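Please look over the chain below before reading on. The briefing is meant to be read beside it.

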Amino acid sequence: MFIPKQSHPFSYKIKSSEFICYLFELQAQDQASELLQSVKKEHHTANHHCWAWRWVAFSEEIMSIQEHQSDDGEPRGTAGFPILHRLQHHDLVNSLAMVVRYFGGTKLGKSGLIESYSEATQSAIVHSHLTRFEAGYELHIRNSYELENLVKQWLHHQKIPVLNSEYSMHVERIVFVPLEEKAAIGDSLRDWAHTEIECTWTELKLLASPTS
């Protein structure tokens with residue numbers, strides 16, 4: 001999964017019509033409405049403001065992707081869905097794509113509209129800086145220096161990335177555990193049940209991929 005961290009509006013012109021695509025990162029699902037209104041205000045004379053967004057939702061230990069799109073007056077299926085399809089194709093999440101259209105006087109037909117909205121979105125995506133994310137957990141591990149070799153051996157065997165380490169009175173680490181590996185990692189931690197190693201899991205969330 002990817003999230004756009006840096007992006008700029010991209011303009012696509014065909015037969016005097018102009019399609020301007022804005023690509024945003026969503027920090028919260030309800031932020032989409034605010035961003036849409038902001039672009040509409042900037043382009044209040046445009047003929048159409050079409051959009052699509054994708055958002056990752058978590059419920060306990062289950063991940064789902066919510067999606068929504070709008071043709072904003074264009075023929076059904078010719079604008080919102082092509083925009084959404086581009087987001088899906090590039091596996092973008094927590095993202096909003098909005099394409100503003102200024103009509104140039106020549107009708108493009110359904111196929112022309114689909115191609116234009118798709119091309120504008122595609123171009124905005126490929127010209128953006130995308131950061132890879134994974135659904136997973138941060139596992140906080142706290143241990144004494146006497147048990148440091150045991151923890152290091154375990155980390156080497158599990159091959160899970162260390163996100164942060166601190167050495168003070170104790171050794172404290174944060175490691176990344178992908179969603180699909182939590183059960184197996186949890187089972188392996190049972191070997192430490194009678195030691196003074198402390199392990200704490202965070203809630204399931206999106207984390208920047210440590211392998212990207």
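The model is predicted. Its largest nonpolar core has 19 residues. Six aromatic pairs are counted.

**Nonpolar cores**

- Phe19, Ile83, Leu87, Val99 and Tyr117 touch the most other members of the 19-residue core.
- Strands E3 and E4 (48-59), helix H2, strand E6 and helix H3 each give two or more residues to this core.
- H3 is the main contributor, with five residues.
- Which residues does Val99 touch, leaving out those up to four places away in sequence? The list is Phe19, Ile20, Cys21, His48, His49, Cys50, Ile83, Tyr117, Ala120 and Thr121.
- Two of those partners, Phe19 and Tyr117, also form an aromatic pair with each other.
- As a general point, nonpolar side chains tend to be buried together in soluble globular proteins.

**Aromatic pairs**

- A pair of rings is described by the distance of the centres and the angle of the planes.
- The rule used here finds six aromatic pairs.
- Phe19 and Tyr117 pair edge-to-face, at 4.9 Å centre to centre with 85° between the planes.
- This pair links distant parts of the chain. Phe19 is in strand E3 (residues 17-25) and Tyr117 is in helix H3 (residues 109-126), 98 residues apart.
- Tyr145 and Tyr167 make a tilted pair, with centres 6.5 Å apart and 35° between the planes.
- Tyr145 sits in the loop between E7 and H4, and Tyr167 sits in strand E8, so this pair ties together parts 22 residues apart in sequence.
- Tyr145 is partly exposed, at 40% relative accessible area. Tyr167 is also partly exposed, at 49% relative accessibility.

**A lysine over two rings**

- The charged end of Lys182 sits over the ring of Tyr137, 4.6 Å from the ring centre.
- The charged end of Lys182 also sits over the ring of Trp201, 5.0 Å from that ring's centre.

**Helix H4**

- H4 spans residues 148-158, and its buried residues are Glu148, Val151, Trp154 and Leu155.
- Why do they share a side of H4? They cover an arc of only 130° around the axis, so they are on the same side of H4.
- The background is helix geometry: an α-helix has 3.6 residues a turn, so residues three or four places apart point the same way.
- Asn149, Gln153, His156 and His157 are exposed on the other side of H4.
- What do the buried residues of H4 pack against? Their partners are strand E7 (129-143), strand E8 (162-167), strand E9 (171-178) and helix H5 (182-188).
- Lys159 follows H4 and has a positive phi, near 60°.

**Positive phi in two loops**

- Ser16 is not a glycine, yet its phi is positive, near 75°.
- Ser16 lies in the loop between strand E2 (10-14) and E3. Ser16 is exposed, with a relative accessible area of 62%.
- Asp91 is another residue other than glycine with a positive phi, near 55°.
- Asp91 lies in the loop between helix H2 (80-89) and strand E6 (95-102). Asp91 is partly exposed, with a relative accessible area of 28%.

**Ser128, a buried loop residue**

- Ser128 belongs to the loop between H3 and E7.
- Ser128 counts as buried because its relative accessible area is 13%, and the cut-off for buried is under 20%.
- A polar atom of the Ser128 side chain lies 2.5 Å from the backbone oxygen of Ala124.
- Leaving aside neighbours within four places in sequence, Ser128 is in contact with Gln6, Ser7 and Leu23.

How values were computed: Residues numbered from 1 in each chain as written. Predicted model: local features only at pLDDT ≥ 70, side-chain atom pairs only at ≥ 80, totals over all residues. Heavy atoms only, no water. Buried < 20%, exposed > 50% of the residue type's maximum accessible area, 1.4 Å probe, protein only. Helix = DSSP H or I, 4+ residues; strand = E, 2+ residues; numbered from the N terminus. Arc of directions from axis to C-beta. Contact = heavy atoms within 4.5 Å. Phe/Tyr/Trp six-rings, centres within 6.5 Å; stacked < 30°, edge-to-face > 60°. Lys NZ or Arg CZ within 6 Å of the ring centre and 35° of its normal. Polar contact = N/O pair within 3.5 Å; in protein donor to acceptor, adjacent residues only side chain to side chain. Core = buried A, V, L, I, M, F, W, Y, C linked by side-chain atoms within 4.5 Å.
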